[in-house]
Amino acid sequence: MSKIVVNDQRQRGKISKYIYGQFAEHLGRCIYEGLWVGPDSDIPNVNGLRTDVVEALKEIKIPVLRWPGGCFADTYHWQDGIGPKESRKKIVNTNWGGVVENNHFGTHEFFELVRQLGTEAYINGNVGSGTVQEMSDWVEYMTFDGISPMADLRAKNGHPAPWSVKFFGVGNESWGCGGNMRPEYYSDLYRQYQTFVRNYNGEKPIYKIASGPNIDDYNWMDVLMRYATPYMDGISLHHYALAAPWEDKRPALGFPENEWFSLISSAQKMDELITKHSTIMDKYDPDKRVGLIVDEWGSWLAVEPGTNPGFLYQQNTIRDAMVAAITLHIFQKHADRVEMANIAQMVNVLQAMVLTEGKKMIKTPTYYVFKMFMEHQDAVALDTHDELATTTSASVSKNDQGYLVSLCNYSIDAADELSLDFDSEVIDVNGEILQGQTMDQHNDFDDPEAIKTATLNSAKHQGHQVSVSIPPMSVVTLHVATA
Ligand code: AHR
């Protein structure tokens with residue numbers, strides 16, 4: 001039994017739409033095959049980007065896309081990825097499987113993807129192995145509207161108009177794959193590099209993001225905030241949900257019951273991490289000007305048998321849908337500090353939205369959660385009074401259309417009978433459900449619609465109240481209109 005009392009007067013602030021952000025790295029089959037097939041492919045494409053994937057992603061209203069990494073970002077030299085494709089440098093992708101990276105997908109192709117998706121760009125720059133000049137030139141190349149060496153080069157390469165870069169990350173995981181730095185050293189580098197991320201955009205200055213801590217490295221957060229707060233708009237945090245200790249990646253399918261719960265409990269740790277990191281941020285930034293940017297999160301499980309271990313290709317089940325719903329609820333609870341989040345990763349890598357195999361594409365259970373939660377984007381988060389069952393997670397927001405209530409019951413065998421109380425009379429309620437019949441129910445290329453959303457007719461309303469039964473292993477959304 002759960003009870004939620006919704007009080008319109010208790011508003012937590014706007015839920016930044018950017019917490020529904022995505023991440024696409026040059027890793028495995030995310031960019032190549034997953035997004036980019038090239039204009040000559042027999043897979044239907046527009047300007048080299050596969051149509052089925054772009055169309056599916058457009059339906060979930062992606063607000064922002066981070067690129068080109070991840071660890072890849074700190075090995076990426078952007079000038080390798082511009083100009084005629086046949087003369088682009090072929091490099092080794094040293095982080096991810098040691099495969100050849102032909103640089104056919106570069107800056108111009110990325111902004112074509114941004115255009116097709118109708119999203120905004122989050123570019124991650126190279127601090128680990130790149131120079132200040134290189135980073136500065138990239139920003140000039142992308143955003144300067146005038147006569148300059150980089151703007152001229154962009155025009156020569158076919159794009160006279162500048163692009164808009166909303167967010168810029170100065171390095172990635174600088175404590176690890178981005179250079180194994182100490183926070184004191186990176187703070188100074190951050191201050192230096194960001195100086196040359198110039199604002200050519202006039203009224204739309206670039207939002208600069210420092211490479212923040214891994215999981216519970218509170219010292220990293222403290223040192224960065226102490227030395228670099230005035231120079232940053234956001235600071236990142238990475239935390240992946242694991243079913244067992246890091247070294248022991250557990251299977252995405254056919255897992256035992258205890259791993260259902262261990263993965264979910266690892267995802268729930270996000271709440272504690274955000275709370276503790278925010279407390280440190282509050283010390284240096286009490287007005288909450290600096291956003292916490294959770295630009296990598298999601299389930300990290302074993303790769304599918306027979307696939308390249310460096311490609312991080314994993315299946316995606318109703319359990320991952322639980323991880324997504326619970327984590328998005330946590331971000332919404334912390335709407336006052338979490339400005340952006342980017343699930344890792346958009347296609348064919350880790351907790352993906354869609355998976356591809358040759359010409360085929362499937363939507364994952366996680367995709368459906370993002371679709372069901374779309375109305376939360378930029379809505380006002382409401383602070384509710386909850387008495388929730390131990391396996392129920394919930395979030396309520398309000399926009400011009402009414403209320404969106406999202407719920408997740410991660411019990412594997414018991415339904416939760418939920419009642420909701422609103423400020424005024426409820427005049428309409430309609431619902432959607434994503435429900436698993438087994439713990440690892442998923443879609444695959446032979447059965448692409450084994451699990452998908454359905455209409456939920458069981459929600460009833462009377463007076464100020466709504467009642468609904470939430471089946472086990474399900475995510476439910478309710479659209480509620482009041483008088
Ligand atoms: O998302 C996969 C990798 O995880 C990223 O490249 C890196 O930043 C993180 O360690």
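**Close-ups of a predicted model**

**View 1. A salt bridge between Glu 55 and Lys 58.** The side chains of these two residues, Glu 55 and Lys 58, pair up as a salt bridge, with 3.4 Å from N to O. This is a predicted model, so read every close-up here with that in mind. Why are Glu 55 and Lys 58 separated by about one helical turn? Because they are 3 residues apart in helix α1, which covers residues 51-58. Across the model, the count of salt bridges comes to 30.

View 2. Cys 71 takes part through its backbone: one of its polar backbone atoms is 2.8 Å from an oxygen atom of the ligand. With Glu 173 it's the side chain that counts, where an N or O atom is 2.8 Å from a ligand oxygen. Tyr 240 also uses its side chain, placing an N or O atom 2.8 Å from an oxygen atom of the ligand. On its own the ligand would expose 290 Å², and the protein buries 94% of that.

**View 3. The cis peptide bond at Trp 67 and Pro 68.** Trp 67 and Pro 68 are joined by a cis peptide bond, with omega at about 5°. Pro 68 is part of the loop between β6 (64-67) and β7 (91-92). For context, most peptide bonds are trans.

**View 4. Another cis bond, from Ala 344 to Gln 345.** This peptide bond, running from Ala 344 to Gln 345, is cis too, and its omega is near -10°. Where does Gln 345 sit? Look in the loop between β14 (338-344) and β15 (354-357).

**View 5. A positive phi at Ile 215.** Ile 215 isn't a glycine, yet its phi is positive, at about 45°. Most residues other than glycine have a negative phi. You'll find Ile 215 in the loop that runs between strand β11 (207-210) and helix α6 (218-228).

Definitions and conventions. Residues numbered from 1 in each chain as written. Predicted model: local features only at pLDDT ≥ 70, side-chain atom pairs only at ≥ 80, totals over all residues. Heavy atoms only, no water. Polar contact = N/O pair within 3.5 Å; in protein donor to acceptor, adjacent residues only side chain to side chain. Areas by Shrake-Rupley, 256 points an atom, 1.4 Å probe, with all protein chains shown as cover. Salt bridge = Lys/Arg side-chain N within 4 Å of Asp/Glu carboxyl O. Helix = DSSP H or I, 4+ residues; strand = E, 2+ residues; numbered from the N terminus.
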